[in-house]
Amino acid sequence: MLFALLLEATGSVAIMGAAIGAGLAAIGAGLGIGRIGGSAMEGIARQPEAAGRIQTAMLIIAALIEAVALFAAVICLLVATA
């Protein structure tokens, strides 16, 4: 029932799949960055003298996660328009 309503609203399974894929990529990126931030704060609390190294690694990994999420969203949009 819900699938039929979504298909009727969007007009194409590809568009619906692309929207779901982009949403999952955004949720995954949010969860990943949240977990990295929490772990980094825990590591800094345990070892304050290593705060600079932990923060640098956290920022690099967060940037890589954002890049993968953006790549996934672009691929979803390409699938929807193809």
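This is a predicted model: local features need pLDDT of at least 70, side-chain atom pairs count only at pLDDT 80 or more; totals for chains, interfaces and linings use all residues.
**The whole chain**

- The protein chain has three helices and zero strands.

**What the UniProt record marks**

- An unreviewed UniProt entry puts the feature "transmembrane region" at residues 12-36 and 57-80.
- In the model, residues 12-36 are 96% helix and 0% strand. From end to end, the C-alpha atoms of this span are 37 Å apart.
- Residues 57-80 are 100% helix and 0% strand. Here the end C-alpha atoms lie 35 Å apart.

**How two helices pack**

- To describe two packed helices, you give the angle between their axes and the distance between the axes.
- Helix α2 covers residues 13-46, and helix α3 covers residues 51-81. They pack at an angle of about 175°, and their axes are 8 Å apart.
- Angles over 145 degrees count as roughly antiparallel, so α2 is roughly antiparallel to α3.
- Who sits in the contact of α2 with α3? The residues there divide into 22 nonpolar, four polar and one charged.

- Ala 14 has its place in helix α2. Its relative accessibility is 30%, so Ala 14 counts as partly exposed.
- Leave out residues up to four places away in sequence, and Ala 14 touches Val 79 and Ala 80.
- Ala 14 and Val 79 are 65 residues apart in sequence, yet 6.7 Å apart in space, going C-alpha to C-alpha.
- Ile 15 lies in helix α2 too. With 37% relative accessibility, Ile 15 counts as partly exposed.
- For Ile 15 and Ala 80, the C-alpha atoms are separated by 4.6 Å, while the two residues are 65 residues apart along the chain.

**Ile 75 in helix α3**

- Now hop over to helix α3, where you'll find Ile 75.
- Is Ile 75 buried or partly exposed? Buried means under 20% relative accessible area and exposed means over 50%, with partly exposed in between. Ile 75 has a relative accessible area of 36%, so it is partly exposed.
- Ile 75 and Ala 22 are 53 residues apart along the chain, and their C-alpha atoms are separated by 8.6 Å.

Definitions and conventions: Residues are numbered from 1 along each chain as its sequence is written. Side-chain values use heavy atoms; hydrogens and water are left out. UniProt positions are given in the numbering used here, feature names are shortened, and annotations may be inferred rather than shown by experiment. Helices (H or I, at least four residues) and strands (E, at least two) are DSSP runs, numbered from the N terminus. Axes are lines fitted to C-alpha atoms, for helices over the stretch in contact, and angles run from 0 to 180 degrees between N-to-C directions. Angles under 35 degrees count as roughly parallel, over 145 as roughly antiparallel, 65 to 115 as roughly perpendicular and the rest as oblique. Ala, Val, Leu, Ile, Met, Phe, Trp, Tyr, Cys and Pro count as nonpolar, Asp, Glu, Lys and Arg as charged, and the others, Gly among them, as polar. Buried means under 20% relative accessible area, exposed over 50%, partly exposed in between (1.4 Å probe, protein chains only). Contact means heavy atoms within 4.5 Å.
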